[in-house]
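Please look over the sequence and the fold before reading on.

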Amino acid sequence: MRSFEEYRKRAVKNLHIADHMIYMTYNVVKDPKILVSIMENVFLAASNAITAVLHFEYTYKNIPSVPEGFETKFMLFKHECAEKCGVDASYLKTIRMLKDTIIEHRTSPVEFRRKDKYVICGDNYKMKVIGIEDIKEYIRTIKEFMNLTDNILLKNAWIYRKCKRRTK
């Protein structure tokens with residue numbers, strides 16, 4: 001089982017990859033298809049941050065177990081950790097929207113580029129348009145979310161480590 005520090009590192013790495021792809025790679029390639037990959041990395045960063053908090057809570061016996069799937073992790077985080085940790089509902093809404101867009105992308109029958117945007121069409125031809133400014137906003141929001149979760153993990157981990165040393 002991985003520790004919460006490992007999940008935190010993976011989240012930071014995913015966010016760094018997304019940041020590099022949007023500000024460096026996209027400027028060179030100029031292909032809107034890359035926006036979906038960037039969105040997936042942003043989502044993975046958020047998912048790993050949630051998993052890190054859940055593993056932290058499990059390590060210190062605040063929750064009974066850490067579930068396997070994203071949906072159950074997300075619901076557990078939303079109901080058990082978000083309010084306690086001071087996570088705003090807008091962060092959860094953004095994470096849910098990222099997940100839904102990725103699912104739409106995987107199941108969509110038609111996708112195409114239009115100028116500098118990427119368009120995903122659903123079964124009923126409901127269109128979801130992804131632009132570079134949208135992705136930059138997602139990155140900014142998830143960075144804030146990760147800063148919040150990092151503060152929770154690092155502050156509390158320090159306190160617990162200090163308490164462990166005293167008991168030895």
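A salt bridge is counted here when a side-chain nitrogen of Lys or Arg lies within 4 Å of a carboxyl oxygen of Asp or Glu. By that rule, Glu71, Arg96 and Asp100 are joined in a network of salt bridges. The model is a predicted one, in which local features need pLDDT of at least 70 and side-chain atom pairs count only at pLDDT 80 or more, while totals for chains, interfaces and linings use all residues. Residues are numbered from 1 along each chain as its sequence is written, and side-chain values use heavy atoms, with hydrogens and water left out.

Residues are called buried under 20% relative accessible area, exposed over 50%, and partly exposed in between, with a 1.4 Å probe and protein chains only. Arginine 96 is partly exposed at 21%, and glutamate 71 is also partly exposed, at 36%.

How many salt bridges does a search of the whole structure find? The search finds eight. One of them joins aspartate 31 to arginine 113, with the closest N and O atoms 3.1 Å apart. Aspartate 31 sits in the loop between helix H1 (4-29) and helix H2 (34-59), whereas arginine 113 is in strand S1 (residues 110-114), so the pair ties together parts that are 82 residues apart in sequence. In another, the side chains of lysine 84 and glutamate 57 meet at 2.7 Å, N to O. Here lysine 84 lies in helix H3 (residues 70-85) and glutamate 57 in helix H2, 27 residues apart. Lysine 84 is exposed, with a relative accessible area of 53%, but glutamate 57 is buried, at 3%.

The cysteines come next. A disulfide, taken as a pair of cysteine sulfur atoms within 2.5 Å, is not found anywhere, the search of the whole structure giving zero. Cysteine 81 has as its nearest cysteine sulfur that of cysteine 85, 5.5 Å away, which is too far for a bond. Cysteine 81 is buried, with a relative accessible area of 1%, and cysteine 85 counts as buried at 14%.

In soluble globular proteins, nonpolar side chains tend to be buried together. A nonpolar core is a set of buried Ala, Val, Leu, Ile, Met, Phe, Trp, Tyr and Cys residues joined through side-chain atoms within 4.5 Å. The largest one has 51 residues, and those with the most contacts inside it are Ile38, Phe77, Ile95, Ile135, Ile142 and Phe145. Two or more residues come from each of H1, H2, H3, H4, strand S2 (117-121) and helix H5 (132-167), with the largest share, 15 residues, coming from H2. Apart from neighbours within four places in sequence, isoleucine 38 is in contact (heavy atoms within 4.5 Å) with Ala18, Met21, Ile22, Ile135 and Ile139.

Stepping back to the whole chain, there are five helices and three strands, in the order α-α-α-α-β-β-β-α from the N terminus on. Of the 168 residues, 42% count as buried. Among contacts with a separation of 6 or more, 63% are between residues 24 or more positions apart.

Methods
Helix = DSSP H or I, 4+ residues; strand = E, 2+ residues; numbered from the N terminus.
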